[in-house]
Amino acid sequence: MVYPGCRHGYCNGSAWQCICDTNWGGILCDQDLNYCGTHEPCMHGGTCENTAPDQYRCTCAEGLSGTRCEIVEHPCAPQPCKNGGTCTLTGNDKSATAASSTVASIVVRGMRGMSSMGKPFGRSAAGTGGPSSGAGSAGSSDSKDPSKQSGSATSAGTSNGPQPMKDFVCTCAPGWTGPTCEINIDECADAPCRNGGTCIDLIGKFRCECPPQWTGDTCQNDVDECDSNVASGLGPCINAESCRNLPGSFQCTCQEGWGGPTCAKNLDDCVGRCKNGATCIDLVNDYHCACAVGYTGRDCSTDINECANFPCRNGGECVDYVANFKCICPLGYSGTLCEVSAELFQNSFRQSVVHANPSGFVAALTAL
C-alpha cells in the first residue's frame with residue numbers, strides 16, 4: 001500500500017508517522033500552527049493571534065473591522081500619515097457620488113468603509129480566519145459555503161449600497177511633506193553650506209561638512225590658522241617672521257633663506273653663484289664655492305696670478321695662465337724658471353764630452 005508523503009516534514013519509516021517541521025502539525029504535517037507568522041493575514045496593523053491549526057483571530061484598531069481588519073470605518077484608522085504625521089478628519093461625511101470632488105493637494109480620500117453590521121470601533125473581528133478565508137471570509141473552516149458565512153461585512157465596495165466616506169488631512173512632522181507625509185524634505189536643496197562645505201540631508205535638518213579653513217553650522221566662520229600654534233603664535237608657519245590670517249587661508253612671512261607656503265623649504269642659494277666650474281654647497285641663507293684649481297674668491301671668479309710671487313729668475317718675464325705660468329728668459333738663460341745660464345751650460349757640456357770621448361773633443365775643436 002502506498003501512503004501519502006509528509007508535506008512539511010519527513011517520514012521516519014513507519015506509515016502515518018511524520019516528523020513535522022517547526023510550526024507544522026497534523027498527521028501529514030499539512031496544518032499550519034503559525035498561520036499568523038506564515039501569512040500575516042491582518043491588515044492595517046491588526047494584531048494576529050493563532051487560535052488553532054490553520055486558524056487565527058485579528059484584533060483591529062479603532063475604526064477598523066472585518067475578519068482581517070479590512071473594513072475601514074474611520075479614514076484615520078489605518079494610520080495613513082507616515083513618518084510621525086498626524087491624521088485629522090476634514091469636512092462632513094460625503095456620499096460615494098461625491099468621491100470625485102476636488103480636494104486640496106495635501107488632502108487625500110479615505111478608504112470607502114463599511115458599517116460592519118453595527119460593530120463598534122476597535123472591536124476584534126468575530127470568528128477566526130483560515131487558509132480559505134480571503135478578504136471578507138468569516139474565518140472558519142466552513143467559510144467556503146456562502147450559506148454559512150457570518151453577517152459581518154465582506155469587503156469595501158461589496159456592501160448593500162453606497163457607504164459614507166470621509167476626507168482626512170495629514171499634518172506632517174518636521175522634515176516631511178506630501179499627502180501622507182511620505183516625502184523627505186531635502187534641506188540641502190537650497191545649498192545652505194557656504195565656502196565649499198558639503199551638505200548632508202537629515203530628517204528635518206541638515207549638517208555641513210566644512211573644509212579645514214572654515215567652521216560653523218553653515219561653514220560661515222573663517223578659521224584663524226595663525227592661532228593653531230599658541231606657543232609660537234605662527235600657526236602652521238615654521239621658519240617665519242610672522243603669520244597673517246586671510247579669509248580661508250593664511251600667509252607666512254619667511255625668514256631669509258626659507259620659502260614655501262609654510263616657510264619649510266630651504267631656498268637654493270647656489271643658483272647662479274659659483275663661477276669657472278666651481279662646486280657650490282648650499283647653506284641656510286648662504287652658500288660656499290669650492291673653487292677649481294687656478295681660481296679664488298667667494299664666487300671663484302678671480303683667476304689666481306701665479307706670477308705674483310715672481311717665480312722667473314735672472315730677469316725672466318712671467319706670463320700668467322690659468323693654474324700655470326711661463327717664464328720668457330733673457331739671452332744667455334734657459335729653464336722653466338730661467339735658472340740655467342748659457343755659459344754654465346757650455347762648461348758643463350764640455351766636461352761631459354771630455355770625460356766621455358777626449359779624442360773626439362779635440363777633433364771637434366780642430367773642426368771649429
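User: What makes strand β26 and strand β27 a pair, and how do they run?

Analyst: In this predicted model, 5 bridges join β26 (residues 317–321) to β27 (residues 324–328), and the two run antiparallel. Strands pair if DSSP finds at least two bridges between them, so 5 bridges qualify β26 and β27. Strands are DSSP runs of E, at least two residues, and helices are runs of H or I, at least four residues, both numbered from the N terminus.

User: What do β26 and β27 form, and how many residues lie between them?

Analyst: They form a hairpin with 2 residues between the strands. Alanine 323 sits in the turn and has a positive phi of about 60°.

User: Which numbering and confidence limits apply here?

Analyst: Residues are numbered from 1 along each chain as its sequence is written, and side-chain values use heavy atoms, with hydrogens and water left out. As this is a predicted model, local features need pLDDT of at least 70 and side-chain atom pairs count only at pLDDT 80 or more, while totals for chains, interfaces and linings use all residues.

User: Why is lysine 326 called partly exposed?

Analyst: Its relative accessible area is 47%. Buried means under 20%, exposed means over 50%, and partly exposed is in between (1.4 Å probe, protein chains only). Lysine 326 is therefore partly exposed. Its place is in strand β27.

User: What does lysine 326 touch?

Analyst: Leaving out residues up to four places away in sequence, lysine 326 touches Cys312, Glu317, Cys318, Val319 and Tyr321. Contact means heavy atoms within 4.5 Å. The C-alpha atoms of lysine 326 and cysteine 307 are separated by 8.7 Å, with the two residues 19 apart along the chain.

User: What makes the phi of histidine 44 worth a remark?

Analyst: Most residues other than glycine have a negative phi. Histidine 44 is not a glycine, yet its phi is positive, about 55°. It lies in the loop between α1 (35–39) and β5 (47–52).

User: Is histidine 44 buried or partly exposed?

Analyst: Histidine 44 is partly exposed, because its relative accessible area is 23%.

User: Where is asparagine 285, and what is its phi?

Analyst: Asparagine 285 is in the loop between β22 (279–283) and β23 (286–290). Its phi is positive, about 55°, although it is not a glycine. With a relative accessible area of 39%, asparagine 285 is also called partly exposed.
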